[in-house]
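Subject: Structure handover

Hello,

Here is the structure we talked about. Please open it alongside these notes.

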Amino acid sequence: MERIEDHDADAQIDAVLRAANVLLRVVAQSVVEVEDIVTSPQLRVLVMIASRGPQNLGAVAAELGVHPSNATRICERLVNAGLIGRRDDPGDRRYRALSLTPEGVSLVNTVLEHRRKAVAAVLGRMPAGLRGVCAVGMDAFAAADGGEGSEDGRFSIDLHG
């Protein structure tokens, strides 16, 4: 591995941290847009279902790192809000599939569209010749960490809109 001079490495790290701050503000603002409708854990569940398809309570509990009873309460609130639906799996009666309702899809799309517009606005303020370089660099940065990153509602950004 090539050794980077400490000064250069520090400058690169500082640049990435500044960019991360901007992205975190974009994500935080998109969550604020729906915080009167759902909590952060509830949004994580909605985004999880949107990105992975129908889930069960065990998968939700594992993703959130909570006891299954807490996952049940979170999902029950989402059902009562009309954002997710539950149905029995004909192949396994113990499995209850949780899927987004049209209202749940709309809420997730609102959050993701806010993020896309905010990122597009920042990119639009960059010199045109650096936009592609930025995208390649960000893609390489994500790939260096294993690729896709987190899909939870706090930090995911749908790149494929």
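The expected span of a helix is 1.5 Å times one less than its number of residues. Helices (H or I, at least four residues) and strands (E, at least two) are DSSP runs, numbered from the N terminus. Helix α2 (residues 40-52) has 13 residues and should therefore span 18 Å; its end C-alpha atoms are 18 Å apart, which agrees.

Some ground rules. This is a predicted model, in which local features need pLDDT of at least 70, side-chain atom pairs count only at pLDDT 80 or more, and totals for chains, interfaces and linings use all residues. Residues are numbered from 1 along each chain as its sequence is written, and side-chain values use heavy atoms, with hydrogens and water left out.

The chain overall

The protein chain holds six helices and two strands. From the N terminus, the order is α-α-α-α-β-β-α-α. Of its 161 residues, 24% are buried (under 20% relative accessible area; exposed is over 50%, partly exposed in between; 1.4 Å probe, protein chains only). The protein chain exposes about 10,400 Å², and carbon and sulfur atoms supply 56% of that. Areas come from the Shrake-Rupley method with a 1.4 Å probe; for residues, only the protein chains shown count as cover. Take the contacts (heavy atoms within 4.5 Å) with a separation of 6 or more: residues 24 or more positions apart account for 59% of them.

The buried residues of α2 are Q42, L43, R44, V45, L46, V47, M48 and I49. Just after α2, G53 takes a positive phi of about 90°.

α2 packs on helix α4 (residues 68-80) at an angle of about 75°, with the axes 10 Å apart. Axes are lines fitted to C-alpha atoms, for helices over the stretch in contact; angles run from 0 to 180 degrees between N-to-C directions. So α2 is roughly perpendicular to α4 (65 to 115 degrees). α2 contributes P41, Q42, V45 and L46 to the contact; α4 contributes I74, C75, R77 and L78.

Which residues does Q42 touch, leaving aside its neighbours within four places in sequence? They are I37, I74, R77 and L78. Q42 sits in helix α2 and is buried, with a relative accessible area of 8%.

One residue further along

F141 lies in helix α6 (residues 128-144). F141 is exposed, at 53% relative accessible area. F141 and V16 are 125 residues apart along the chain; their C-alpha atoms are separated by 9.4 Å.

Best wishes

Notes
Angles under 35 degrees count as roughly parallel, over 145 as roughly antiparallel, 65 to 115 as roughly perpendicular and the rest as oblique.
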